[in-house]
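Subject: Structure handover

Hello,

Here is the structure we talked about. Please load it and read the notes below alongside it.

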Amino acid sequence: MLEFPHDAHTHTVYSDGLGSIYDNIAAAEQRGLRVLGITDHSHYLLGGGFNRYVREIRRWGSEAELTVLAGVEANITWDGIDVPHWAVKKLDYVIASVHEWVSTPEEYLTLVRTALKDDVDVIGHFGASFNYTGYPPEGELREILELAEVRGIAFEISSRYRVPGLDFVRECIRRGIKLTFASDAHFPEAVGSVSWSERVFKKAGGNREDLLFGEFL
Ligand SMILES: [Zn+2]
Ligand SMILES: [Zn+2]
C-alpha cells in the first residue's frame, strides 16, 4: 500500500496508450489511488480531439471515487513547449518532457531551461537521457534547480525511467520544489505503479506538503 497514493502521469488511447480514460480511472480506483492524472502526448491531441479529451476526463472524473486531473505531456522543442496558451488554460497542469534526440547533457539542459521559462507545471522524467548523453556537471544541475525554485515548477519522480536520483530529489525538498509520482503508464494495469517513486521520495525525507497534489491526498 502506498502512503501517498497518486499517479500524475498516465497515457490513454488519446495518444499511444492502450486503455481508455475510463479504464485508467477504474484501474486507479482498484489500486486505491486518491489522485490520478491523465496526461496524453500533446502532439496527438492538438491536431484535433483536444476538447473532446478534456470533456471526457471531466465527465468520467466527476463520477470517480478519486480526484482526476486533466493534463498533457508536452514536448519541449527548441522553440519552447508545443502546447498553445489556449490549451494550457483548459488543463489542470502541463508536464513538459524532453523527447528530442540530444547528444550531450548540455543540449538536454538547454531544452529543460527553455521549458522552465515556459507555461508548465512539472518537468517529466528529468535526466532520462543522461544514461547515454552522460551526466551534466553539478553546477549546471544546481542552475536548473534554482530556476525551477524561482519559477515554482515541480519535478516528477518517474518510476518508469527511475529518475531523478535520490540526491536531486533531496535537493528539491530542501528548496521547496514540489514533486509528483509518475508511472508513465501506457496501459491500465500499470496505472499506480509508483512504488519506486514513493521509495525515493520517502528516503529523501519527503512529506505530503512536498507533493504538488498533496492537498488531494
Ligand atoms: Zn515522456
Ligand atoms: Zn509519458
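In β4, which residue is the bridge partner of Ile76? The partner is Ile81.

First, the ground rules. This is a predicted model: local features need pLDDT of at least 70, side-chain atom pairs count only at pLDDT 80 or more, and totals for chains, interfaces and linings use all residues. Residues are numbered from 1 along each chain as its sequence is written, while chains are lettered from A and ligands numbered from 1 in the order in which they are written.

**Overall**

The protein chain has nine helices and eight strands. Both are DSSP runs numbered from the N terminus: helices are H or I with at least four residues, strands are E with at least two. The C-alpha trace spans about 45 × 40 × 30 Å along its principal axes.

Buried residues make up 45% of the 217. The burial classes count other C-beta atoms within 10 Å of a residue's own: 20 or more is buried, 12 or fewer is exposed, and in between is partly exposed. These C-beta atoms are placed from the backbone. Contacts use C-beta atoms placed from the backbone too, with a limit of within 7 Å. Among contacts between residues at least 6 apart in sequence, 74% join residues at least 24 apart.

β3 covers residues 67–77. Eight of its eleven residues are buried, so the strand is largely enclosed by the rest of the structure. Two strands count as paired if DSSP finds at least two bridges between them. The pairings of β3 include these:

- β2 (residues 35–41) runs parallel to β3, joined by seven bridges. Gly37 has Leu69 of β3 as its bridge partner.
- β5 (residues 93–97) pairs with β3 in the parallel sense over five bridges. Glu73 is bridged to Ile95 of β5.
- β4 (residues 80–81) pairs with β3 in the antiparallel sense over two bridges. A hairpin of two residues joins β3 to β4.

**Asp40**

Asp40 sits in strand β2. Is Asp40 buried or exposed? It counts as buried, because 24 C-beta neighbours lie inside 10 Å. Leaving aside neighbours within four places in sequence, Asp40 is in contact with His11, Thr12, Tyr14, Ser15, Leu45, Tyr53, Val72 and Glu73. Glu73 is also the residue bridged to Ile95 in β5. Asp40 and His186 are 146 residues apart in sequence, yet their C-alpha atoms are 9.5 Å apart.

**Helices α1 and α3**

Two packed helices are described by the angle between their axes and the distance between the axes. Helix α1 (residues 21–30) and helix α3 (residues 50–62) pack at about 35°, with axes 10 Å apart. Axes are lines fitted to C-alpha atoms, for helices over the stretch in contact, and angles run from 0 to 180 degrees between N-to-C directions. The crossing is right-handed, meaning the near helix is turned clockwise from the far one by less than a right angle. Ile21, Tyr22 and Ile25 of α1 meet Glu56, Ile57 and Trp60 of α3. Five of these contact residues are nonpolar, none is polar and one is charged. Here Ala, Val, Leu, Ile, Met, Phe, Trp, Tyr, Cys and Pro count as nonpolar, Asp, Glu, Lys and Arg as charged, and the others, Gly among them, as polar.

Arg31 lies in the loop between α1 and β2. Arg31 is partly exposed, with 18 other C-beta atoms within 10 Å. Beyond four places in sequence, Arg31 is in contact with Val191 and Gly192. The C-alpha atoms of Arg31 and Met1 are separated by 8.6 Å, at 30 residues apart along the chain.

**Backbone points to check**

Most residues other than glycine have a negative phi, and most peptide bonds are trans. Some places here differ:

- Val163 and Pro164 are joined by a cis peptide bond, with omega about -10°. Pro164 is in the loop between β7 (154–158) and α8 (166–175).
- Arg162 is found in the loop between β7 and α8. Its phi is positive, near 55°. Arg162 is partly exposed, with 15 other C-beta atoms within 10 Å.
- His125 lies in the loop between β6 (122–123) and α6 (130–133). Its phi is positive, near 25°. With 24 C-beta neighbours inside 10 Å, His125 is buried.

Best wishes

Technical notes: Two residues are in contact if their C-beta atoms, placed from the backbone, lie within 7 Å.
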